[in-house]
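Dear colleague,

I am passing on the structure we spoke of, with the sequence alongside.

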2 protein chains.
Amino acid sequence: MPAMGFAETFETLRSACREIHQLRTASDLLGWDREVMMPPGGIEARSEVLELLARLEHERLQAPAFADALAAAEGQSGALAPDDVARADLRELRRQVDRAQRVPAALAGALARTQSLAQHAWEEARAAADFGRFRPHLDALLRLVRDRAACLGHAADGEAWDALVDDFEPGATARSLAALLDPLAARQAALVGDLLDTGVAPDPAFRRLRIPVAAQAALCRALAERLGFDFARGRLDLAVHPFTSGTHPGDVRLTTRYDEADLFDGLYSTIHEVGHGLYEQGLPAGRAGLPSGAAASLGMHESQSRFYENHVGRSSGFWRAIFPTVRAVCGEALGGAGPDEAYRAANRVARSLIRVDADEATYDLHIAIRFAIERELVGGRLEVADLPQRWNAAYRELLGVEVPDDRRGCLQDVHWAAGLFGYFPTYTLGNLYAAELASAAAAELGALDPLLAAGRFADLLAWLREKVHRHGARTSAAERIEAITGRPPSIEPFLEHLAARLGPLHGRRSPR
Amino acid sequence: MPAMGFAETFETLRSACREIHQLRTASDLLGWDREVMMPPGGIEARSEVLELLARLEHERLQAPAFADALAAAEGQSGALAPDDVARADLRELRRQVDRAQRVPAALAGALARTQSLAQHAWEEARAAADFGRFRPHLDALLRLVRDRAACLGHAADGEAWDALVDDFEPGATARSLAALLDPLAARQAALVGDLLDTGVAPDPAFRRLRIPVAAQAALCRALAERLGFDFARGRLDLAVHPFTSGTHPGDVRLTTRYDEADLFDGLYSTIHEVGHGLYEQGLPAGRAGLPSGAAASLGMHESQSRFYENHVGRSSGFWRAIFPTVRAVCGEALGGAGPDEAYRAANRVARSLIRVDADEATYDLHIAIRFAIERELVGGRLEVADLPQRWNAAYRELLGVEVPDDRRGCLQDVHWAAGLFGYFPTYTLGNLYAAELASAAAAELGALDPLLAAGRFADLLAWLREKVHRHGARTSAAERIEAITGRPPSIEPFLEHLAARLGPLHGRRSPR
């Protein structure tokens, strides 16, 4: 029997990947259904089904046959061109298999169980604003998270936290992220102080117009279509906590929510999720199930949602382009308000307690606090018992606000309760990458504000498809940004964007 | 190590059953999603996911470990009480395992592939009213179906078709069914002739009132709740071909459709599916995943939908009870029509071409034709090439109608294209069992018409829960009917019901 060529060997590997991906697709869709469609009575049976599917997926990733198929393909990859996309697949699969094999099954099981209990305890603790109820669970979870980090290991000049961020932003380290996030926090804090010191503030009244939920829903669906979301390959539904489920470029599901007393809650949730959804719809369908067919990283994913939410959705041009639609759908409820009132309200800056409600200028200060604290927790430099005090001091220092209780303090986010340490910085990476992309798009397509005012959303989407979406995870997110801009990601485009947009709205002269 | 007791041995078996059931649950929910929620772009990826889940389920059912667990439990079952429900589980699992093992994997695979192609060809052939396009596919499929029947075997005094009906109505045979269906067809044909000869016919105008779809949807949801469907454990959505998905008593999903020009299309589809859904919600949740936690048979399932559709939904009492709701929701669109007009329109009898549109008096004549023909096809006594001619002759003889084309003839149903031979008679069993249950309920609760007019839907549901639902598949459907009525299922209650309801509407005096 002649030896198999690379194509054949790779096809064997790909079949195994496909099966793992199909199990994950089933899980993701049933997870979406749980949040969006399932009647309450289904929860117990659903949890069991999801547990089985997760186990089957995990077994396949850890099966010797999968490692063998990967090794066989690696052994024959020498003849591949340096930029062959299969190299990216092999590299990323190797990373995943090595990481999966380094964590003993008993530890993975303990983590899953402890996380499930911790998340439940967090829900109760948050509702009661009682950190004490959550504390022993976070303690137990953190011990296991540290064990897992120890199994995964990190570079000699790095730290334990590095092993965890690799789940979300492959290639990033605490050091590489701190080099961006630390100076960003200092300069954003200064910028926010400067803006608020002017005593001039955009009027937020527009977001409080009372628009019936049905009208908001019609508006948001129209906006999603206008921005390029393809409803033949996706849906838009309601969920308490909006999210996007993308199992395949042909089936991408956005969720959002509406509040009659807050037009922007639903509108910007929708535009944010549309950004995620456009990325998912633009991924290379031909490589679905392979790493190269997936998003480059969480940071890159967030860059797409933030690009649409902030660079598109909070721009003056956007509001001018869509206002005829807003007027047609909302009618009388608008009173005399026009696109300028909407634009101003969308760019209100305020020091606040809650991350998910934060504006574009202060959002990353919330992230900086979490980034610092979770490194201390994972590194054992901060005791769980001291978390609330540490949190409140950080908010006082960086945001200048007093935390009145833990519900509005260190209990506000689900991430740590869900075992997600290393996740938060990807939000700021998203903001940085979005600004890099907006700057590059403007250099190639012309200034974005007039382009948006002219309703050229399709041109913008085509540019993102070409520069970002179609590449999937062929390179890391940082490498892709560098390939587009010619230099490594930096904080400057984002700071320039904030100054250029927010300065004039606060009575500052435009920087140029 | 001491030998395991029955409880432990059974728990091992039950775990295996649970896993199979969970895989089926995932398939069923993703199948529901495909029909109800999925955007068109998702179809290809979805088919692959469903194929994988079906394969995993099949592998587990055929695994030696499963057969071993079953044999071990059987070996220890001697000490069980004669009526212990575990005996029913072992009996039914043995039947399933034996049947699965008798069919070679290659044949099962060929059947799945051929069925998929045949169904696709059928869709095209039906649209084009061109039997020739479907014929070679049905030929190929039928050869495999006969092979499968040969593998499964049948009693010495039976026929090949018996092996197939066992998929849908365990314990039934062509002979046992013919003993009911043949005399039923003769007497129904006579009854229909008698009714139509009177020249008196209920006025069908009510169903043609133009009620906006939103009002129909509100009405149907209110009716579902009124009849006892629990929306905390279920949903009601839209689908082109209405169906019910019941994966667990806590998550039961009805689907229906609405036609502005035909109030009854949506209304009776909904009530029919509510009947299925109430059964699913009433099954013993504590035995979910075991055979005894499932419906007794397709015939019993259909008896629940037919009970609600016909004995409840087409009764005079029902229309009187719900008419205030109908009036509140539909308002002016009703003109001057009242419950009597609705009742009359709901009981219009007509000889027709299409099974799914048939009324209560003629429906089983459509089934009788299919029952006869599919036995001839499976038994090799009818060539596929001669099917249209045979079909058209049967419609001429039994229903007195001329079939104008194969679309409205032998291409109208998907069943044979989907490989479902042996399924059709369960529809008539459903009608017979429903009449048995209605008769028994009236004997215990009092005449149904005044009970329904008084809106005592909860009493009726409680009776069905007690007599049928909670028993799951602990006994066969026929045994359960006999346990309720004290005698084996017969055609008399159904014929009496038809005469009692339809006679007076056609100017005949009530039989008593």
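Predicted model: local features only at pLDDT ≥ 70, side-chain atom pairs only at ≥ 80, totals over all residues.

Chain B can be laid on chain A by a turn of 180° with a shift of 0.1 Å along the axis, and the RMSD is then 0.1 Å. The two copies are thus related as by a two-fold rotation axis. The same surface serves both of them, in that 100% of the contact residues of chain B recur in chain A.

As for the interface itself, 35 residues of chain B are in contact with 35 residues of chain A. The area buried between chain B and chain A is about 2,500 Å², and carbon and sulfur atoms give 64% of that area. On the chain B side, Gln22(B), Met37(B) and Pro39(B) lose the most area to chain A, together accounting for 20% of what that side buries. The rule finds six salt bridges across the interface of chain B and chain A. Glu19(A) forms a salt bridge with Arg55(B), for which the closest N and O atoms are 2.8 Å apart.

Turning to the helices of chain B, helix 5 covers residues 105-127, and its 23 residues should span 33 Å at 1.5 Å a residue, which agrees with the 33 Å between its end C-alpha atoms. Its buried residues include Leu107(B), Leu111(B), Thr114(B) and Trp122(B), and what covers the buried residues of helix 5 includes helix 6 (131-152) of chain B. Helix 5 of chain B is followed by Ala129(B), whose phi is positive, near 50°.

Helix 9 of chain B, residues 213-227, has 15 residues and reaches 21 Å from its first C-alpha to its last, close to the 21 Å expected at 1.5 Å a residue. Among the buried residues of this helix are Gln216(B), Leu219(B), Cys220(B) and Leu223(B), and the elements that cover the buried residues of helix 9 include strand 1 (234-238), helix 10 (263-282) and helix 18 (457-467) of chain B. After helix 9 of chain B comes Gly228(B), with a positive phi near 115°.

Finally, in chain A, strand 1 (residues 234-238) is mostly covered, with four of its five residues buried. Five bridges join strand 1 of chain A to strand 3 (residues 251-256) of chain A, and the two strands run parallel. Within this pairing, Leu238(A) has Thr256(A) of strand 3 as its bridge partner.

With best regards

Technical notes: Residues numbered from 1 in each chain as written. Chains lettered and ligands numbered in written order. Heavy atoms only, no water. Expected span 1.5 Å × (residues − 1). Buried < 20%, exposed > 50% of the residue type's maximum accessible area, 1.4 Å probe, protein only. Contact = heavy atoms within 4.5 Å. Least-squares fit on C-alpha atoms with pLDDT ≥ 70 in both. Pairing = 2+ DSSP bridges. Buried area = accessible area lost by both parts, 1.4 Å probe. Salt bridge = Lys/Arg side-chain N within 4 Å of Asp/Glu carboxyl O.
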